[in-house]
Amino acid sequence: MSATLSSALRGPMSAGLRRRLGPWLPSGRTLVIAAPFAFLLVFFMVPFAAVLKISFADVQMSVPPYTPIVEFKDRVVHVALDLDHYRAVLTDRLYLGAYVYSVEIAALTTLICLLVGYPACYLIARSDPSRRNLLLMAVMLPFWTSYLIRVYAWIGLLKNQGLINRFLLWAHLADEPLKLFHNNWGLLIGMVYNYLPYLMLPLYAHLVRMDTTLLEAAGNLGARPWQAFFTITLPLSRRGIIASSLLVFIPAVGEYVIPELLGGSNSLMIGRVMWDDFFVDTDWPTASAATACMVLLLLLPMAWFQRIQKREMAGR
Amino acid sequence: MMIAPRKLLGNGYLALVFLFLYVPTASVMFYSFNESALVTVWSGFSLKWYAALTTDDEVLSAAWASLEIGLATAFASVFVGTWAGYVLSRFKRFRGLTLFTAMINAPLVIPEVIQGISLLLLFVGLQEAFGWPARGMLTIWIGHTMLCVSYVAITVYARLGAMDESLHEAAQNLGATPLRVFVDITLPLISQALVSGWLLSFTISLDDVLMTAFLSGPDSTLLPMVVFSRVRLGLNPEINALGTLFIVVVTVGVLLNNHLMLRRQRRRDRDLALAFARGGVPAYDDPVP
């Protein structure tokens, strides 16, 4: 198959024709680079232009539900840029509150994931190699199985008559059911549960690569284990901590399914507000303005993530 | 004995973390065999929710559509992702490299809401201008592929980086065209990365809610949307049964892939050791153990 493929790529072009056209044709290398480049450009970058465009349009009862920005009427080009949606998004308590709340929840989720995940990663990375693979697999497996089902699973655990409350009542650890469902507790538990593998996998990769001779040296020089941990292990794993935290924080800001299923009806994360704008109120321009603001908000952490990834890739 | 308590503490902690990771899904699986319609009250063993699934037309037709999209997404993501990962790994310098790596890294973290809305607006704009594409299976396919491409690209990139470059050089020195080298040497060597990328894309596509909701049309209802709309109303024993099936299939697939991967690696290590034991360069007429 490979032979036919390569001869097809060489094509029926005659040698003479190729020589004459040569300087004008893009080289094979350029074509190979250009294809995935163009794909990502069209389906990742260009859509943001569409978002920007519609965020300046106005709502209209039509299909699609927004007004055109540039109109050609009476031989004059009319450009109507509507900034109202940005004003709305940036001054409305609903949106501002949703942004702040989303960032708070995402930051808290990241912090708890770190506190839970770091020791676990550390323990796995320091366990003997034969067990390591098994443990790592056990961390990875939930990452693969259905996200939706895993969030759903918590409904059965957190409800008033759910498994956790039934256990607590049965063990006399609580006198009445704890309210864990449809409020911030449920939301946070669901977020941490879902994002923990995202944090643990890259963090583990960092910790397992770490040079342990430094630790041995510190031990030989009389450092206590916790001293060695705080002066050597923790500083050395800084990059891993930052990378994996960003991997949790950034997507967590825009989370929709978990607050919708486990959070309270008043816990409006920005993802939920945008969903409602879009599907309930059909206010596409405002949703677009909210999207643009969210991209701006996340630009800095995303650039940070990109920088770390790039350094990682260079030094792989 | 000072070491034992510390080790015990460590193991206990790990056990707690894994309990946290596994109890929820285990409970879903356990209660899928519950007779009662009240999901968290056990009343006896029954397979009736699995039977109910087989007659639930909404779930069945959505499952077929999802399967179709999942397969198409998995193949497309592996195709584009491998290409992108290859470019990233083989061409160290070209104009736009920074933008290229950014476009591969950003989808790993960017909230899906953003990607969903922006892709939808692109398609709506295109449809307005050219009358195509209408929202439906095609747009969902592209959207899902965008969710998975980066994972595949990064995996392939990492695998290529760990690979011995001398094989490529040797093939090239022997006169193979770059395409020939890619198909005959690179692809077989990264096949494991391709299989795991394929599996991951398939599973991402099968339960993606947001992208699907934004990009689907009236004639394309996929499984995650059906599940989501039911789950929103609370517990549902049929969803437990469906979830159990899903978890079992994915777990078996992942474990199998991992097992084969480890076995192949072990065999390769053994071959290398054998070759070195015989005095350096492996001879081609050696019997394959």
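Reply: Helices here are DSSP runs of H or I with at least four residues, and strands are runs of E with at least two, numbered from the N terminus. The model is predicted.

A:His172 sits between helix 8 (163–170) and helix 9 (184–209) of chain A. A:His182 belongs to the loop between helix 8 and helix 9 of chain A as well. Most residues other than glycine have a negative phi. A:His172 has a phi near 55 degrees, which is positive although the residue is not glycine. A:His182 is also a non-glycine residue with a positive phi, near 60 degrees.

A:His182 has 19 other C-beta atoms within 10 Å.

The crossing of helix 9 with helix 12 of chain A is right-handed. On the side of helix 9 of chain A, the contact involves A:Met191, A:Tyr195, A:Tyr198, A:Leu199, A:Pro202, A:Leu203, A:His206 and A:Leu207. Facing these residues, helix 12 of chain A supplies A:Arg239, A:Gly240, A:Ile241, A:Ala243, A:Ser244, A:Leu247, A:Val248 and A:Ala252. In the contact of helix 9 with helix 12 of chain A, 12 residues are nonpolar, 3 are polar and 1 is charged.

Helix 10 (residues 213–220) and helix 11 (residues 225–236) of chain A also pack together, with axes that come within 10 Å and cross at roughly 150 degrees. Helix 10 and helix 11 of chain A are therefore roughly antiparallel to each other. Helix 10 of chain A passes helix 11 of chain A with right-handed geometry. A:Leu214, A:Leu215, A:Ala218 and A:Gly219 of helix 10 of chain A form the contact with A:Ala228, A:Ile232 and A:Thr233 of helix 11 of chain A. The residues of the contact between helix 10 and helix 11 of chain A comprise 5 nonpolar, 2 polar and no charged.

An oblique pair is found elsewhere in chain A. The axes of helix 4 (residues 84–91) and helix 15 (residues 284–314) of chain A come within 9 Å and cross at roughly 60 degrees. At that angle, helix 4 of chain A is oblique to helix 15 of chain A. This crossing of helix 4 of chain A past helix 15 of chain A is right-handed. A:His85, A:Tyr86, A:Ala88 and A:Val89 of helix 4 of chain A are in contact with A:Pro285, A:Thr286, A:Ala289, A:Ala290 and A:Cys293 of helix 15 of chain A. By class, the contact of helix 4 of chain A with helix 15 of chain A has 7 nonpolar, 2 polar and no charged residues.

For chain A as a whole, the secondary structure comprises 15 helices and 2 strands. Buried residues account for 36% of the 316 residues of chain A. Of the contacts in chain A between residues at least 6 apart in sequence, 71% join residues at least 24 apart.

The C-alpha trace of chain B spans about 75 × 70 × 40 Å along its principal axes. In chain B, 42% of the 289 residues are buried.

The contact between the chains takes 71 residues from chain A and 70 residues from chain B. Helix 1 (residues 3–31) of chain B gives the most to the side of chain B that touches chain A, with 12 residues. By class, the side of chain B that touches chain A has 48 nonpolar, 16 polar and 6 charged residues.

Key: Residues are numbered from 1 along each chain as its sequence is written. Chains are lettered from A and ligands numbered from 1 in the order in which they are written. This is a predicted model: local features need pLDDT of at least 70, side-chain atom pairs count only at pLDDT 80 or more; totals for chains, interfaces and linings use all residues. Axes are lines fitted to C-alpha atoms, for helices over the stretch in contact, and angles run from 0 to 180 degrees between N-to-C directions. Angles under 35 degrees count as roughly parallel, over 145 as roughly antiparallel, 65 to 115 as roughly perpendicular and the rest as oblique. A crossing is left-handed if the near helix is turned anticlockwise from the far one by less than a right angle, and right-handed if clockwise. Two residues are in contact if their C-beta atoms, placed from the backbone, lie within 7 Å. Ala, Val, Leu, Ile, Met, Phe, Trp, Tyr, Cys and Pro count as nonpolar, Asp, Glu, Lys and Arg as charged, and the others, Gly among them, as polar. A residue is buried if 20 or more other C-beta atoms lie within 10 Å of its own, exposed if 12 or fewer, and partly exposed in between; C-beta atoms are placed from the backbone.
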